[in-house]
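Subject: Structure handover

Hello,

Here is the structure I promised. Please look it over, then read my notes below.

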Amino acid sequence: MNHPQPELDDAVRRLRSGRLVAFPTETVYGLGALALNGEAVARVFAAKGRPASNPLIVHVLDEAMARRVTGAWPMAARRLASAFWPGPLTLVLPAGAGVPSAVTAGGPGVAVRSPDHPLALALFRAVGEPLVGPSANRSGAVSPTLASHVREAFDPGEVLVLDGGACRVGLESTVLSLMDPARPVILRPGMIGAAAIAEVLGIAVGEGEGTDGHAGSPGRLGPHYRPSAPVHLVETLSALDEAMVSSTGACVVLTPPGLPVAVEPPHEAIVMPSDASAYAARLYAALREADAAQPTWILVCRPPASGQRPEETAIWQAVHERLTRASTP
Ligand code: TXA
Ligand code: MG
């Protein structure tokens, strides 16, 4: 994927005038705007239809830029940034004085991350300013892993889209609170799991919303990642058969990882990869493809809860969390 300079220049001009530019990251596409410009930030909330109670991640070139928007940079942040940045780990730290309160949804913490994508980093370098970057979808919808997903959701006059190809990771970053650096807590699971973080910090890492009095990640409340067709999670192949037989209309089935299953018309199958990273990278596009067939149900065979290596387990846990939130109870 080449990134012509005129396009980057245009992106910088738009951002500097307070407008929106979507950029690729290794996880999903982000909807960028100047993080320190209140009007630009307000435009992001309006374009996404995002509730004001849900704070935005500030995207930075590097640790130096992160320190400009944070009020504290403890040793734990230094260690994690040097171990995982640029990469799919977001750190929540006390917000710096210049950060508009809309970015933090009025809370004391600001989330920061440096994404591992050359085009995103080239953009941040050219703008020289931190950018907010929520996933570039309308609030509640499935996150975009291709530039075309972003173009489908927003008017071209409203959002310029920088095309960096398919996102490599495919699931949003791990969000880790360091508001109390002695008690780090994962607010949103992602590819970088508790074990990998604990190894760098040398202390235990809490998991889950509201653990030990920490406020959860507000974006994890309520439904999310939802296609238009209802998603039903099935645990076994016999439950899958039963769901297909009893459905009054056509279903699209996301198979168990790497396992083609017998699916008769009018139902259709999307065969999911067996490898954890490949499954994660494919998941959102598969949900969109399933939805495009306008089925009565999207049936998803739940993947295993853990893998052989801790890195695989972290990915399956993140996949589970997204599937649970995509599904209709
Ligand atoms: O991988 C990602 O993180 C992507 C790419 C574009 O970087 N971005 C992303 O942003 O997923 P968004 O806005 O879709 O999700 C951000 C999550 C939400 O759950 C939000 O509540 C949480 O991070 N969050 C943001 N700021 C926070 C804060 N100050 N304290 C706690 N949680 C925060
Ligand atoms: Mg999102």
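Start at Ile197. Beyond its neighbours within four places in sequence, Ile197 is in contact (heavy atoms within 4.5 Å) with Leu80, Phe84, Leu89, Thr174, Leu176, Ile186, Ile192 and Val205.

This is a predicted model, where local features need pLDDT of at least 70, side-chain atom pairs count only at pLDDT 80 or more, and totals for chains, interfaces and linings use all residues. Residues are numbered from 1 along each chain as its sequence is written, chains are lettered from A and ligands numbered from 1 in the order written, and side-chain values use heavy atoms, without hydrogens and water.

Next, the cores. A nonpolar core is a set of buried (under 20% relative accessible area, 1.4 Å probe, protein chains only) Ala, Val, Leu, Ile, Met, Phe, Trp, Tyr and Cys residues joined through side-chain atoms within 4.5 Å. The largest has 64 residues, and Leu91, Leu123 and Ile197 have the most contacts inside it. Helix α5 (118-127) gives the most to this core, with six residues. Helices are DSSP runs of H or I, at least four residues, and strands are runs of E, at least two, numbered from the N terminus.

Now the sheet. Four strands form an open sheet in the order β11-β14-β12-β13, with parallel pairing. Pairing takes at least two DSSP bridges between two strands. The edge strands are β11 (231-234) and β13 (268-270). Strands β12 (251-254) and β14 (297-301) pair over four bridges. Cys251 has Trp297 of β14 as its bridge partner.

Regards

How values were computed
Buried means under 20% relative accessible area, exposed over 50%, partly exposed in between (1.4 Å probe, protein chains only).
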